[in-house]
Amino acid sequence: MSGHDIIVIGASAGGVEALSKVVSQLPADFPAAIFIVLHVSPHGTSALPQILSRAGSLPATHPKDGQAIEAGHIYVAPPDQHLLLKQGSITLTHGPRENGNRPAVDPLLRTAARIYGDRVIGVILSGVLDDGTAGLKAVKQRGGIAIAQDPDDALYSSMPRSAIENVDVDYVTPIADMGALLSSLVNQPADEVDHPMSDDVDFEADIAELNKETLKDRNRPGKPSAFICPECGGVLWEIDEGDLIHFRCRTGHAYSAETLMAEQSDALENAFWVAMRALEESASLSRRLEAKARKQGYASSAARFAQQAEASEQRAELMRQVLLHSARNPKTDVIELGSENAADVGSD
C-alpha cells in the first residue's frame, strides 16, 4: 500500500522564510519527493535551491525536463517555467501564465493530483492573492491531503486564507509544526480508492503544456464571459467549480476572480497614467501655441489656446489626485523585499 510520497508546495511573498523553516524540520531519510513552486521573476536566476539545501538535510535543485523523480529530494520550479508531474518524471514547460505567474502553483498541484491521486499532499504557504486554491481543490477531489499554513502565522496571509475559505482543507498549522505534520503523514498509507478527476480539471492540466489537441478542443470547460484576458486580449471563459470561479482564455492564460480583479485594477491605473500624460502634453502644446499667437498679435487665438491649456491642466490635476489617492490606499498585502528574498519573489 502506497504512502503519501508526493508533496507539492506553493508559496509566494514570504515564502522563502516559510519554506526554509519547513525543510529544516525534515529528516535526511524523508521518504517522499517534494515539489515547490515559489513565484519568482522570469528574469534572472533563483537561489532558492541553494537556500533550501543549506537550511535542511535534503538536497534541493532545479530539475531538468524529463528528470526521474526520487524520494528524499526537493525539486524547485525554475524561473519562467511551469513545473508539472508525469508518471515517475518531471516536465518543465513554457506554457501560458496562470494568475499572472510562470511558474504558477495551480498547474503543479493539478498535474500531481491527476497522476498520483491520494498519494499527494498539497501545501499552501505564505503569499498574496490566491494562486494554489484551484490546484488544492483538485488535490482534494482526487483524495489527497490538503494543508494550509495558519494565516495568522504567515507573513502574507492571502494565499493560505483563500485555500482555507474555498477548499475543505485537512490541516491548518503554523510553520513551526509543519515539518512534524508532514513527517507523520508521509508514513500513513494512502487509501488507494479511485477518486475520479473531473473533465474540466483534466482539461486545465493539459493546457499548461500547450497541448495541441486540447487547444483545438471546442468542448472547453465553462462559458464565455464578458471579460477579456489582460495578457492577450482574448475572451475569458468562466469556469465554475462550485464556490470557486476562475477564468481561462483560448490560449490558456488563467485567472482566479481575485487575480483578475487585481489585473483590472492595474489596467485602470495604467489608463489613468496614459490619460494624465496625454493631458499634460495637450496643455504644453496649447501653451506653446498661445505664446506664438500672442507674439504674432492674435489675441483671440491666444485666449482660445490659453483656455484649452487651462482645461487640460485641470483634467491632468484630477488624474494626478486620483493616482495619489490610489497610492495611499494600496492592496492589503504589500510586498517589501529583503536582500535574501529579492531574487525569489515575483510579480505578486
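Author: Two strands pair if DSSP finds at least two bridges between them, where strands (E, at least two residues) and helices (H or I, at least four) are DSSP runs numbered from the N terminus. The model is predicted, so that local features need pLDDT of at least 70 and side-chain atom pairs count only at pLDDT 80 or more, while totals for chains, interfaces and linings use all residues. Residues are numbered from 1 along each chain as its sequence is written, and side-chain values use heavy atoms, with hydrogens and water left out.

Reader: How do you know that strand 2 and strand 4 pair?

Author: Three bridges join strand 2 and strand 4 in the parallel sense, and since at least two are needed, the two strands count as a pair. Ile36, for example, has Val76 in strand 4 as its bridge partner.

Reader: What makes strand 3 and strand 9 edge strands?

Author: Seven strands form an open sheet with parallel pairing, in the order 3-4-2-1-7-8-9. Strand 3 (60-61) and strand 9 (171-173) each have a single partner strand, so one side of each is left without a neighbour in the sheet.

Reader: Why is strand 7 described as largely enclosed?

Author: Five of the five residues of strand 7 are buried, a word that means under 20% relative accessible area, with exposed over 50% and partly exposed in between (1.4 Å probe, protein chains only). Val120, Gly122 and Ile124 lie on one side and Ile121 and Val123 on the other, so that both faces are covered. In the sheet, strand 7 runs parallel to strand 1, joined to it by five bridges, and parallel to strand 8, joined to it by four. Ile124 stands opposite Gly10 and has Ala148 as its bridge partner in strand 8. Helix 4 (residues 133-141) packs on the sheet, touching strand 7 (120-124) and strand 8, where contact means heavy atoms within 4.5 Å.

Reader: Why is the pair of Phe35 and Tyr75 called stacked?

Author: Rings of Phe, Tyr and Trp (its six-membered ring) pair if their centres lie within 6.5 Å, and planes under 30 degrees apart count as stacked, over 60 as edge-to-face and the rest as tilted. The structure holds two aromatic pairs; in that of Phe35 and Tyr75 the centres are 5.2 Å apart and the planes make 15°, which places the pair in the stacked class. Phe35 belongs to strand 2 (residues 33-38) and Tyr75 to strand 4 (residues 74-76), 40 residues apart, and both residues are buried.

Reader: What makes the pair of Phe227 and Phe247 edge-to-face?

Author: Their ring centres are 5.7 Å apart and their planes stand at 90°, so the pair is edge-to-face. Phe227 in strand 10 (residues 223-228) and Phe247 in strand 12 (residues 244-249) are 20 residues apart. Phe227, at 35% relative accessibility, counts as partly exposed, whereas Phe247, at 6%, is buried.

Reader: How do you know that the charged end of Arg304 sits over the ring of Phe305?

Author: The test asks for NZ of Lys or CZ of Arg within 6 Å of the ring centre and within 35 degrees of the ring normal. The charged end of Arg304 is placed over the ring of Phe305, 4.8 Å from its centre.

How values were computed:
Axes fitted to C-alpha atoms, helices over the stretch in contact; angles between N-to-C directions.
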